[in-house]
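Please view the sequence and the structure below before reading on.

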Amino acid sequence: MNVANFLDISDPGAFPRAFLEGTIGGDYAPQHTSDLVRLPLLLKYGGVYADVGLMQIGDLNRLWRETVGNPNSRFEIIAYSVSGVEGRFLMNYFFASGRNNPLFERCHTFFLELWTENGGRTSTEGMHSSPVLKGIPLVGGSLTIKEEGKEIGAEKSNRIWTDYAVQMQVMSLVMRLVDEEGGWDGPKYVAEHVYGIDSLVGSMLINDVTEWDEKKAFDPMSLSLPKDGEAESAEQKQAREIVEGCLQKSFGVKLAHGLVLRVFGETLRLLWRKHEGSDDVPGTYAHWLKHGMMYWNPDGMPPALNFKVIEPSTKGPLLREE
């Protein structure tokens with residue numbers, strides 16, 4: 001509870017009862033505890049939140065100075081976004097904003113509402129069916145979860161995915177919401193103030209290249225680069241393309257874990273942890289990638305998605321008592 005040094009963790013206006021009492025449970029309690037901390041910290045202090053599994057490549061200081069940290073910039077939030085310019089789904093493994101951001105403030109208010117339903121929840125299980133999320137489709141798509149080695153089907157998988165990613169569902173709702181009474185126009189705010197980075201290229205390029213079979217990244221990246229005069233093998237070529245692709249195109253690398261393990265099995269992050277030190281053996285492609293992240297920056301900034309004002313999916317106050 002190091003967060004107690006920075007926030008009042010006894011404040012029921014900032015945290016749900018399960019957080020205050022230390023009773024958050026479920027398979028992914030640490031992740032959901034973190035979900036409840038990141039927005040209050042940003043609201044009070046501003047700055048950057050990043051998951052421990054996010055490896056930075058691009059010049060974050062420069063991007064901050066040119067956007068959120070620049071009073072003349074229209075941008076107030078930086079985040080990775082999925083589903084292109086038409087989508088309204090920010091990935092919650094990286095956020096940057098100033099203090100008291102109005103989008104994050106509403107997101108956290110609605111998120112707390114989900115935790116207080118049914119007399120107070122102790123996990124996110126079942127949140128997908130909350131009336132607060134009316135009109136927002138389930139997430140997951142074709143990512144079918146496995147239980148005891150067997151796929152459980154798309155419908156159940158999507159419910160589980162939505163419960164796991166429910167904070168991002170809330171954000172999607174707020175970005176699509178127009179509440180004239182409360183002075184909020186989500187579609188307009190996103191189009192004017194969100195610096196969205198395409199998540200697939202910006203932070204998940206390795207997953208895209210390997211089609212989420214990350215052993216196809218681990219094995220070739222564990223190889224040594226060819227010595228002078230040696231021909232490059234097919235596996236070395238694949239490793240080089242991964243490293244060069246990340247350093248040329250990406251702003252970071254998100255090392256996946258959590259629920260995704262029940263879909264794809266071992267990820268690059270788990271393989272590197274399983275084989276301790278394998279991400280930093282001198283002369284290997286993994287070492288080259290790490291060296292580039294530590295000592296090099298691309299010349300340009302990651303391109304921002306050109307969000308347009310879309311039709312709202314929800315209108316009016318969501319939490320008004322009937």
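Predicted model: local features only at pLDDT ≥ 70, side-chain atom pairs only at ≥ 80, totals over all residues.

Glu192 and Lys188 belong to one helix, helix 7 (residues 186-193), where four residues, about one turn of the helix, separate them. The side chains of Glu192 and Lys188 form a salt bridge, with 2.9 Å between the closest N and O atoms. Glu192 has a relative accessible area of 31% and is therefore partly exposed. Lys188 is likewise classed as partly exposed, because its relative accessibility is 39%.

**Further salt bridges**

A second pair is found in helix 5 (residues 154-164): Glu155 and Arg159 are four residues apart there, so about one helical turn lies between them. Their side chains meet in a salt bridge, at 3.4 Å from N to O. How exposed is Glu155? With a relative accessible area of 61%, Glu155 is exposed, whereas Arg159, at 29% relative accessibility, counts as partly exposed. The cut-off for exposed is over 50%, and partly exposed residues fall between that value and the buried class, which is under 20%.

Arg240 and Glu232 are also joined by a salt bridge, with a distance of 2.7 Å from N to O. Arg240 is partly exposed at 24% relative accessibility, and Glu232 is partly exposed with a relative accessible area of 35%.

| Salt bridge | N to O distance |
|---|---|
| Glu192 and Lys188 | 2.9 Å |
| Glu155 and Arg159 | 3.4 Å |
| Arg240 and Glu232 | 2.7 Å |

Besides these pairs, Asp35, Arg38 and Asp51 are linked in a network of salt bridges. The count for the model comes to twelve salt bridges.

**The chain as a whole**

The protein chain contains 14 helices and eleven strands. What are the spans of its C-alpha trace along the principal axes? They come to about 75 × 55 × 40 Å. The radius of gyration of the protein chain is 21 Å, which agrees with the value near 20 Å that a compact globule of 322 residues would have.

Of the 322 residues in the protein chain, 48% are buried. The chain exposes about 16000 Å², and carbon and sulfur atoms supply 50% of that area. Contacts also reach across the sequence: among those between residues at least 6 apart, 72% join residues at least 24 apart.

The protein chain carries 32 positive and 44 negative charges. The mean position of the positive charges and that of the negative charges are 1 Å apart.

**A loop residue**

Where is Ser224 found? It is in the loop between helix 10 (215-221) and helix 11 (234-249). Ser224 is partly exposed, its relative accessible area being 39%. Apart from neighbours within four places in sequence, Ser224 is in contact with Gln236, Gly283, Thr284 and Tyr285. Ile24 stands 200 residues from Ser224 along the chain, and the C-alpha atoms of the two residues are separated by 45 Å.

Technical notes. Residues numbered from 1 in each chain as written. Heavy atoms only, no water. Helix = DSSP H or I, 4+ residues; strand = E, 2+ residues; numbered from the N terminus. Rg over C-alpha atoms; globule rule 2.2 N^0.38 Å. Buried < 20%, exposed > 50% of the residue type's maximum accessible area, 1.4 Å probe, protein only. Contact = heavy atoms within 4.5 Å. Areas by Shrake-Rupley, 256 points an atom, 1.4 Å probe, with all protein chains shown as cover. Lys, Arg positive; Asp, Glu negative; His and termini not counted. Charge placed at Lys NZ, Arg CZ, Asp CG, Glu CD. Salt bridge = Lys/Arg side-chain N within 4 Å of Asp/Glu carboxyl O.
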